[in-house]
Amino acid sequence: MKYFNIAVIAGDGIGPEVIAEGKKVFDGIAKMDGGFSVSFEDFPWGCEYYLKTGEMMPADGLDTLQNFDAVYLGAVGYPGVPDHVSLGGLLLQIRRGFDEYINLRPVRLLKGAPCPLADVSTDDINMIVVRENSEGEYANVGAHLYAGSEREMALQTGVFSRHGCERVIRYAYELARREKRSLTSISKGNALRYSMVFWDEIFAEIGREYPDVETHSLLVDAASMFFVKDPKRFEIVVTSNLFGDILTDLGAAIAGGMGLAAGANLNPERTYPSMFEPIHGSAPDIAGQGVANPLASIWSISQMLDFLGEQEWADCVLSAIETLLVERRTLTPDLGGSAKTSEIGAAILEILER
């Protein structure tokens, strides 16, 4: 029997509420399947931990997480802790420390999910965004100089290495080839003369190895427009850290909202654990009320199952989410229902058991 050991960092705000439902689904699937088992170990890291200890996670946190099969993260951020402290001290530490250089975010309109766009079907919004996740604009290289003087300035340097660009672009090409879908690169080469021109050159260079993959290149401003006006043109998308961050939030907005937005932080070589998370924030204004939507957290369990080699169950979880949305019997208030957060996991399992 296979055994999966998952590290859980529920984090802040609604994190513990939505993560509990994802754990419920994974554990229920393991019992239904009988061919694998799962255990979870919870770590109390996050903003509350920071306010008590002065750090978002212990100094040896990565060493602690190293031996797990995957990391399951809820949400990070809470009033009283600056966002750059909460993000940099936990989420980004894990992404960089475990070389999770692929951020994989599905932008897919499920049946029954709300969409703000008129005359759009589920076939029109079905893309996967491959975001560079380790360097680029979020490399945290820069300086704050002459603080408090008239000469005060901040320098923020984007880091685009050949190694970093090649591996994410090649991953996207391989994904497009495997799924027989087109690949669109999104950059800003007309204004960012060095970093984005470099990105564009590498995209074209690697593309010569994949003559069977249909490719397109778009500037990020045009891509933002087409995400709304013509999302059907996008199938596999590859882009930089910053642009991927922004575009996938836009993608979530057109594909059911942030409550249906999941993300995977992958170390494809499996040298280190990969991390799976709903990409919404900690929503402290609704924390503890039992109204948070945990479907993004459950979708991220689908991504985790896929990465762990349980593709059939991964597909089943996604189908169950879609059935839940179509039947409309057990939905949280953001989706027009009256169900509590704690009811959703059981509802998904009930659908899976049918």
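## Burial and the model

A residue counts as buried when its relative accessible area is under 20%, as exposed when that area is over 50%, and as partly exposed in between. Phenylalanine 68 has a relative accessibility of 9%, so this residue counts as buried. The structure discussed here is a predicted model.

The UniProt record, an unreviewed entry, annotates residues 5-348 as "domain: Isopropylmalate dehydrogenase-like". Within this span, 40% is helix and 22% is strand.

## Aromatic pairs

The model has eleven aromatic pairs. One of them joins phenylalanine 43 and tryptophan 45, whose ring centres are 4.8 Å apart and whose planes meet at 35°, so the pair is classed as tilted. Phenylalanine 43 is buried, because its relative accessibility is 11%. Tryptophan 45 is also buried, with a relative accessible area of 5%.

Phenylalanine 43 also pairs with phenylalanine 68. Here the ring centres are 5.8 Å apart and the planes are at 85°, an edge-to-face arrangement. This pair links distant parts of the chain, as phenylalanine 43 and phenylalanine 68 are 25 residues apart. Phenylalanine 43 is in the loop between strand E2 (36-42) and helix H2 (47-53), while phenylalanine 68 is in the loop between helix H3 (61-65) and strand E3 (70-75). Elsewhere, Phe4, Phe26, Phe36 and Phe40 form one aromatic cluster.

## Nonpolar cores

The largest nonpolar core contains 89 residues. Those with the most contacts inside this core are Phe26, Ile169, Leu295, Ile321 and Ile348. Helix H10 (residues 311-327) gives the most to the core, contributing eight residues. Another core, of 18 residues, lies apart from the largest one, and its members include Ile9, Trp45, Leu73 and Ile94.

Setting aside residues up to four places away in sequence, isoleucine 169 touches Trp199, Ile202, Phe203, Ile206 and Val238.

Serine 134 lies in the loop between strand E5 (126-132) and strand E6 (136-145). With 16% relative accessibility, serine 134 counts as buried. Its side chain makes a polar contact of 2.6 Å with the side chain of glutamate 132, and another of 3.3 Å with the side chain of arginine 167. Leaving aside neighbours within four places in sequence, serine 134 is in contact with Arg96, Tyr101, Arg167 and Asn241.

Two of these contact residues, Tyr101 and Arg167, also meet each other: arginine 167 lies over the face of tyrosine 101, at 3.8 Å from the ring centre.

Aspartate 212 is in the loop between helix H6 (195-207) and strand E9 (215-219). Its side chain makes a polar contact of 2.8 Å with the side chain of arginine 177. Aspartate 212 and valine 317 are 105 residues apart along the chain, and their C-alpha atoms are separated by 32 Å.

Glutamine 93 belongs to helix H4 (residues 83-97). Its relative accessible area is 40%, so glutamine 93 is partly exposed. Glutamine 93 and glycine 61 are 32 residues apart in sequence, with their C-alpha atoms 9.4 Å apart in space. Apart from its neighbours within four places in sequence, glutamine 93 is in contact with Met57, Leu62 and Gly88.

## Positive phi angles

Most residues other than glycine have a negative phi. Aspartate 99 is not a glycine, yet its phi is positive, at about 50°. This residue lies in the loop between H4 and strand E4 (102-108). Aspartate 99 counts as partly exposed, because its relative accessibility is 24%.

Arginine 328 also has a positive phi, of about 60°, although it is not a glycine. Arginine 328 lies in the loop between H10 and helix H11 (341-353). Its relative accessible area is 45%, so arginine 328 is partly exposed.

Note on methods:
Residues numbered from 1 in each chain as written. Predicted model: local features only at pLDDT ≥ 70, side-chain atom pairs only at ≥ 80, totals over all residues. Heavy atoms only, no water. Phe/Tyr/Trp six-rings, centres within 6.5 Å; stacked < 30°, edge-to-face > 60°. Buried < 20%, exposed > 50% of the residue type's maximum accessible area, 1.4 Å probe, protein only. Helix = DSSP H or I, 4+ residues; strand = E, 2+ residues; numbered from the N terminus. Lys NZ or Arg CZ within 6 Å of the ring centre and 35° of its normal. Polar contact = N/O pair within 3.5 Å; in protein donor to acceptor, adjacent residues only side chain to side chain. Core = buried A, V, L, I, M, F, W, Y, C linked by side-chain atoms within 4.5 Å. Contact = heavy atoms within 4.5 Å. UniProt positions renumbered as here; feature names shortened; annotations may be inferred.
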